[in-house]
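Welcome! Here is a short tour of a protein model, written for someone just starting out. Take a moment to look at the sequence and the structure before reading on.

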Amino acid sequence: MPIVVNLDVMLAKRKMSGKELAAAVGITEPNLSLLRTGKVKGVRFSTLERICEVLACQPGDILAYEAMVPRDSQIPLSPARQMINQMPSNHT
């Protein structure tokens, strides 16, 4: 997944538990766990804003973009090239 969640790093820096963060933000611990492991498809800006307020950080401190690297190359493909490579071939 190109978006990496570094929430555990910020929690460690702030010496805060996930349980404490969940309570302060107003979300359930299971939902926070899903966010921490990157198993969500999105996050509301209001939730992200509250997390940043509680942890005194910027969104970029907890979210990062890492380009996907093809297995046979060290050069990352652009998102457009990735889409093209996933398109079915019409050559028969």
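This is a predicted model: local features need pLDDT of at least 70, side-chain atom pairs count only at pLDDT 80 or more; totals for chains, interfaces and linings use all residues.

The protein has 92 residues, and its secondary structure consists of six helices and two strands.

**Overall build**
- Among contacts in the protein with a separation of 6 or more, 58% are between residues 24 or more positions apart.

- Buried residues make up 21% of the 92 residues of the protein.
- The protein has an accessible surface of about 7,100 Å².
- Carbon and sulfur atoms contribute 56% of that accessible surface.

**Where helix 2 meets helix 4**
- Helix 2 spans residues 18-25 and helix 4 spans residues 45-55.
- Their axes come within 9 Å of each other and cross at roughly 120°.
- Because of that angle, helix 2 counts as oblique to helix 4.
- The crossing of helix 2 with helix 4 is right-handed.
- On the helix 2 side, the residues in contact are Leu21, Ala24 and Val25.
- Their partners in helix 4 are Thr47, Arg50, Ile51, Val54 and Leu55.
- Sorted by class, this contact of helix 2 with helix 4 brings together six nonpolar residues, one polar residue and one charged residue.

Note on methods: Residues are numbered from 1 along each chain as its sequence is written. Side-chain values use heavy atoms; hydrogens and water are left out. Helices (H or I, at least four residues) and strands (E, at least two) are DSSP runs, numbered from the N terminus. Buried means under 20% relative accessible area, exposed over 50%, partly exposed in between (1.4 Å probe, protein chains only). Contact means heavy atoms within 4.5 Å. Accessible areas come from the Shrake-Rupley method with a 1.4 Å probe; for residues, only the protein chains shown count as cover. Axes are lines fitted to C-alpha atoms, for helices over the stretch in contact, and angles run from 0 to 180 degrees between N-to-C directions. Angles under 35 degrees count as roughly parallel, over 145 as roughly antiparallel, 65 to 115 as roughly perpendicular and the rest as oblique. A crossing is left-handed if the near helix is turned anticlockwise from the far one by less than a right angle, and right-handed if clockwise. Ala, Val, Leu, Ile, Met, Phe, Trp, Tyr, Cys and Pro count as nonpolar, Asp, Glu, Lys and Arg as charged, and the others, Gly among them, as polar.
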